[in-house]
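Biologist: Could you take me through this structure step by step? I would like to begin with the charged side chains.

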Amino acid sequence: MRDFHMPGRSTVFAQNGMCATSDPLAAKVAIQMLEAGGNAVDAAISAAVLLGLCEPQMTGIGGDCFVLLKPAGSEEVIALNGSGRAPAGLDAANLRAAGHSVMPAYDASAVTLPGAIDAFCRLSKDHGKLGLKAVLAPAIHYAQAGVVVGPRTSFDWLEAEGTPKGAAAQHYLLNGKAPKPGQVVRAPLQAEVLKRVAEHGRAGFYEGEVAEDMVASLQKAGGTHSLDDFAAVECDYTTPISGTYKGIELVEHPPNGQGATAILMNNILAQFDIARMEPFGSARAHLEAEAAKLAYDARNRFLADHDHMTRLEHMLSEKTAKHLAALIDPARAMESPARVSEQVHKETIYLTVVDRDRMAVSLIYSIFHSFGSGIASDKFGILFQNRGAGFSLEEGHANEAKGGKRPMHTIIPGMLKKEGKVIMPFGVMGGQYQPNGHARFLSNVVDFGMHAQQAIDAPRSFSDAGELKVERGYSDAVRRELTDLGHIVSIPETPIGGAQAIFMDEENGVLHGASDPRKDGCALGY
């Protein structure tokens with residue numbers, strides 16, 4: 001139980017259904033969808049699409065999603081990959097010839113095909129109850145009526161105010177400026193797009209006038225995108241991967257998501273007795289930073305589109321984890337094996353929903369950088385993601401940019417299982433931080449007995465691009481000790497990531513909702 005003298009959040013309890021996400025309006029809409037007879041899939045889609053209006057710097061219909069789904073009455077976890085591929089005309093050789101050594105992030109060449117709408121349509125058809133017209137109705141309404149900008153959203157919007165260019169600036173800035181907290185923003189042209197999807201399904205987005213607007217705008221910006229590329233977008237059901245940390249199974253998406261990195265990091269940390277360390281002391285933060293350097297180096301070398309990756313079993317192997325753990329010096333920071341990140345400022349939304357029948361959805365949905373590529377379609381204002389920035393331009397690399405390939409993706413929804421049963425859908429937002437965040441969350445729960453809200457509230461640190469970023473929740477003494485260990489320590493300007501979780505308390509028949517105070521959102525139940 002938390003100390004009620006201190007600031008903090010209480011766990012939200014409910015019996016019939018729960019949503020936890022990063023905006024209160026989206027959580028409310030999800031619960032309304034459940035109360036109207038929808039299931040967790042209906043509620044998740046409805047909330048996710050609305051979040052593209054509430055937090056447009058984070059996500060939108062020009063982006064991608066990944067979903068983990070536990071159907072009602074089953075403990076099987078289904079994975080749906082809603083990430084788009086590169087247009088057929090993308091070629092790393094051409095980019096190298098143009099003088100690029102890494103993918104240009106704010107360029108049409110970094111715009112991969114948006115996969116989320118196709119995934120939402122498939123998910124609704126295969127597992128929803130109410131149909132697209134019903135689940136998209138709230139987002140259509142609020143796109144026309146307007147949503148109120150929250151404090152954290154305004155903060156992020158202002159930080160990336162210079163990213164939207166041309167049509168994107170017209171659609172996503174108010175008189176050239178980021179909106180302030182409490183201002184109302186509207187997107188009537190997105191309402192028109194969503195009406196077409198509600199009426200015609202995926203064809204309303206990937207074909208016809210909407211697709212023509214996207215293709216013309218991307219080609220004008222120098223992209224190779226074609227109507228055939230958009231028409232060919234298709235999500236895929238895949239087989240989840242998993243790893244066990246001290247009796248708790250962590251279920252992740254297979255590549256091209258980076259879930260294997262989280263499993264590898266957990267396997268490295270399992271070689272140490274973390275439970276005997278101070279939860280927010282320097283020894284644990286140091287060990288976690290070293291494990292992250294090694295796990296992320298493996299990610300950068302091996303992770304790619306599943307059809308092009310050959311070292312997945314190597315990343316998941318306990319032998320690999322033991323070998324890497326042996327390289328860690330508890331008394332000294334190592335030089336980074338490689339830069340954790342060539343690209344920074346990733347933005348994402350995560351939400352989770354559990355319904356009265358205990359269908360559980362873990363969904364993550366993103367346009368990658370804040371405001372994605374900074375390019376939007378001229379007519380409808382669809383903001384394009386820049387997921388292609390996740391490709392490598394190294395010749396022969398498994399993740400080398402190429403038409404038709406999916407890039408390495410940072411977004412990863414998670415689920416926890418115990419003794420074969422799903423006990424908690426959860427996710428940690430924050431781009432590169434996400435595998436580290438999954439490992440930290442799981443360790444908080446398993447090693448230190450924290451409930452989900454405590455595990456989310458707890459301070460975070462992250463070794464990123466040669467710096468150990470340490471939130472202000474750590475003491476100055478810990479920062480000094482980490483510096484003495486050889487880390488270059490900094491306090492990040494913004495908090496590290498965000499998280500949401502729902503613990504499914506089978507014994508009492510109660511759902512426990514947890515939502516990150518680093519964001520504007522909340523957990524709501526009924």
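Modeller: One term is needed before we start: buried means under 20% relative accessible area, exposed means over 50%, and partly exposed lies in between. Please also keep in mind that this is a predicted model.

Biologist: Is glutamate 209 buried, exposed or partly exposed?

Modeller: Glutamate 209 has a relative accessible area of 32%, so it is partly exposed.

Biologist: Which residue forms a salt bridge with glutamate 209?

Modeller: The partner is arginine 196, and the closest N and O atoms are 2.8 Å apart. Glutamate 209 belongs to helix α10 (residues 208-220) and arginine 196 to helix α8 (residues 188-200), so the pair ties together parts that are 13 residues apart in sequence. Arginine 196 is also partly exposed, because its relative accessibility is 22%.

Biologist: Why can such side chains pair at all?

Modeller: Side chains of opposite charge can pair when their charged atoms come close.

Biologist: How many salt bridges are there in the whole structure?

Modeller: A search of the whole structure gives 25 salt bridges. One of them joins the side chains of arginine 122 and glutamate 234, at 3.6 Å from N to O. Arginine 122 is in helix α4 (residues 116-127), while glutamate 234 is in the loop between α11 (227-231) and β7 (236-238), so this pair ties together parts that are 112 residues apart in sequence. Arginine 122 is partly exposed, with a relative accessible area of 23%.

Biologist: What about aspartate 516 and arginine 518, are they buried or exposed?

Modeller: Both aspartate 516 and arginine 518 are buried. Their side chains meet in a salt bridge of 3.0 Å, N to O.

Biologist: Let us change topic. How many residues does the largest nonpolar core have?

Modeller: The largest nonpolar core has 84 residues, and those with the most contacts inside it include Leu50, Phe120 and Tyr365. Helix α2 (residues 40-54) gives the most to this core, with twelve residues.

Biologist: And which residues is leucine 50 in contact with?

Modeller: Apart from neighbours within four places in sequence, leucine 50 is in contact with Leu25, Ala26, Val29, Ala139, Tyr142 and Val147. There is also a second, separate core of 51 residues, with Leu269, Ile274, Leu294 and Phe426 among them.

Biologist: Where is phenylalanine 272?

Modeller: Phenylalanine 272 is in the loop between α12 (259-269) and α13 (282-302). Not counting residues up to four places away in sequence, phenylalanine 272 touches Lys246, Leu287, Ala325 and Ile328.

Biologist: Now the strands, please. How many residues of strand β3 are buried?

Modeller: Seven of the seven residues of β3 (residues 64-70) are buried, so the strand is largely enclosed by the rest of the structure. Asp64, Phe66, Leu68 and Lys70 point one way from β3, whereas Cys65, Val67 and Leu69 point the other way.

Biologist: Which strands pair with β3?

Modeller: Strand β11 (residues 360-369) pairs with β3 in the antiparallel sense over seven bridges. Within that pairing, aspartate 64 stands opposite serine 366 in β11. Strand β4 (residues 78-82) also runs antiparallel to β3, and five bridges join the two. There, the bridge partner of phenylalanine 66 is asparagine 81 in β4.

Key
Residues are numbered from 1 along each chain as its sequence is written. This is a predicted model: local features need pLDDT of at least 70, side-chain atom pairs count only at pLDDT 80 or more; totals for chains, interfaces and linings use all residues. Side-chain values use heavy atoms; hydrogens and water are left out. A salt bridge is a side-chain nitrogen of Lys or Arg within 4 Å of a carboxyl oxygen of Asp or Glu. Helices (H or I, at least four residues) and strands (E, at least two) are DSSP runs, numbered from the N terminus. Buried means under 20% relative accessible area, exposed over 50%, partly exposed in between (1.4 Å probe, protein chains only). A nonpolar core is a set of buried Ala, Val, Leu, Ile, Met, Phe, Trp, Tyr and Cys residues joined through side-chain atoms within 4.5 Å. Contact means heavy atoms within 4.5 Å. Two strands pair if DSSP finds at least two bridges between them.
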